[in-house]
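Colleague: I'm new to this one, so could you walk me through it slowly? I'll ask as we go.
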Amino acid sequence: MDSGLTIYQQLGESDGLRNIIETFYGNVVREPLLAPLFPEDMGPVMEKQHQFLTQFFGGPPLFSEQHGHPMMRARHMRFPVTNERADAWLACMNASLQENGVEDELREFVIARLKGPAYHFVNTP
């Protein structure tokens, strides 16, 4: 892990992040706890995820420029997010990072960074 670079840069900037996101959503559609929460057309979801993670990991503020303040918890309130679904989401992301060859130290750091938001979205027992 290179502490002189942003997470966004370490993940390969836009192209690297897009690859991770494509792999991630391939994992999500096979995950029974998550698949029902997502639309058939994942294109718009993937684009918003790319915009958000770009910004979240230190790249350009794409999400805010396109959609305003992220307010991610509010944006997820219409979906029943449980602890089990947060766990499954993180597991899908972890697998995606591994499948894309992200080094263990960086992968663990990314997952730790995503745990806060993942569990902050929980709104259903």
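Modeller: Let's begin at Met93, which, once neighbours within four places in sequence are left aside, is in contact (heavy atoms within 4.5 Å) with Ile20, Phe24, Leu53, Ile111 and Leu114.

Colleague: Before we go on, what kind of model is this?
Modeller: This is a predicted model, in which local features need pLDDT of at least 70 and side-chain atom pairs count only at pLDDT 80 or more, while totals for chains, interfaces and linings use all residues. Residues are numbered from 1 along each chain as its sequence is written, and side-chain values use heavy atoms, with hydrogens and water left out.

Colleague: OK, which residues of the largest nonpolar core touch the most other members?
Modeller: That core has 32 residues, and Leu11, Leu53, Phe57, Met93, Leu97, Val110 and Leu114 touch the most other members. A nonpolar core here is a set of buried Ala, Val, Leu, Ile, Met, Phe, Trp, Tyr and Cys residues joined through side-chain atoms within 4.5 Å, where buried means under 20% relative accessible area, exposed over 50% and partly exposed in between, with a 1.4 Å probe and protein chains only.

Colleague: And which helix gives the most to it?
Modeller: Helix 6 does, with seven residues; helices are DSSP runs (H or I, at least four residues) numbered from the N terminus.

Colleague: Which residues of helix 6 are buried, and what do they pack against?
Modeller: The buried ones are Arg85, Ala86, Ala88, Trp89, Leu90, Cys92, Met93, Ser96 and Leu97, and they pack against helix 2, helix 3 and helix 7. Just after helix 6 comes Gly101, with a positive phi of about 75°.

Colleague: How do helix 6 and helix 7 sit, parallel or antiparallel?
Modeller: They pack at an angle of about 155° with their axes 10 Å apart, the axes being lines fitted to C-alpha atoms over the stretch in contact and the angle, from 0 to 180 degrees, being taken between N-to-C directions. The two helices are therefore roughly antiparallel, a label for angles over 145 degrees. On the helix 6 side the contact includes Trp89, Met93 and Leu97, and on the helix 7 side it includes Val110, Ile111 and Leu114.

Colleague: Switching to helix 3, which residues there are buried?
Modeller: Gln49, His50, Gln51, Phe52, Leu53, Thr54 and Phe56 are the buried residues of helix 3. Glu47 is also found in helix 3, but Glu47 counts as partly exposed because its relative accessibility is 31%.

Colleague: How far is Glu47 from Asn94 in space?
Modeller: They are 19 Å apart, C-alpha to C-alpha, and 47 residues apart in sequence.

Definitions and conventions. Angles under 35 degrees count as roughly parallel, over 145 as roughly antiparallel, 65 to 115 as roughly perpendicular and the rest as oblique.
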